[in-house]
Amino acid sequence: MRRKLAAGNWKMNGRAPDLDQIDALEAAHGDAGVDILICPPAPLLSRMAERARKIAVGGQDCHANASGAHTGDTSADMLVDAGASHVILGHSERRTDHGETDDDVRAKARAAFEAGLIAVICVGETLGEREAANTLDIISGQLAGSIPDTANGTNMVVAYEPVWAIGTGLVPSTDQIGEVHDFIRSKLEARFGEGVGRSVRLLYGGSVKGSNAAEIFAVSNVDGALVGGASLTADAFSPIITALDAS
Ligand code: PGA
């Protein structure tokens, strides 16, 4: 059985007073039957990790190297040192804003595994790619290129995030989500074997909110969500966690 995961990506949002949201989430979901993860911006990470009890804390990126002359970067080991257990890698905003390639993401994932982090590896097509009926080819290439051979259901989570659904309020139909999630599952089973392939958790991400969470969580091979905007407050994230717990 795959344990469900409600993951929040705060992106470049959040300052010390926002740590109160962690207290509120823990009060509301202290005995939830699902895993809860929040990935705050790096400056908030250690303070959030010190405050959180049940909620796991993660980074939003890491460097492929363990240390060295890389101004502005953070290594996987540093995230662990700050209290992180997870790291988001290959988010489309990193791929676009920082030109990250599949090779970069794979190297970062290797570093994350070595440091003992769980990597949440993101894949997803643009609107143009979907309209050109290239979605599954794009996903296939990103999975092959971004995931190291040493990945398994313990050290990796895969997030399907259609680029056109992120922060836009647009959400694919449940059929479209199911098609891609079933496809990702089959690709993982083909590459890693049925046992490992079936153990990897698959998250959907892109404009998930309280009002659409239950129908998304009813889709086959959806094991949770990676949530941006609606993870910033306990009020907005809480109904998503409740829907996941009930699914
Ligand atoms: P969103 O972002 O929920 O604000 O659409 C999702 C993400 O980028 O992970």
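How many helices and strands are there in the chain? There are eleven helices and eight strands, counted as DSSP runs, with helices being H or I of at least four residues and strands E of at least two. The radius of gyration, taken over C-alpha atoms, is 17 Å, close to the 18 Å that the globule rule gives for 247 residues, so the chain is as compact as a globular protein of that length; that rule is 2.2 Å times the number of residues to the power 0.38.

Before I go on, please keep in mind that this is a predicted model, in which local features need pLDDT of at least 70 and side-chain atom pairs count only at pLDDT 80 or more, while totals for chains, interfaces and linings use all residues. Residues are numbered from 1 along each chain as its sequence is written, and side-chain values use heavy atoms, with hydrogens and water left out.

Turning to the ligand, the shell around it divides into four nonpolar, seven polar and two charged residues, where Gly counts as polar. Among polar contacts, meaning pairs of N or O atoms within 3.5 Å, a polar side-chain atom of Glu 161 lies 2.6 Å from a ligand oxygen, and polar backbone atoms of Gly 228 and Gly 229 each lie 2.8 Å from an oxygen atom of the ligand. Taken alone the ligand exposes 280 Å², of which the protein buries 95%, by the Shrake-Rupley method with a 1.4 Å probe.

Key:
A polar contact is a pair of N or O atoms within 3.5 Å; within protein, one must be able to donate a hydrogen and the other to accept it, and residues adjacent in sequence count only if both atoms are side-chain atoms.
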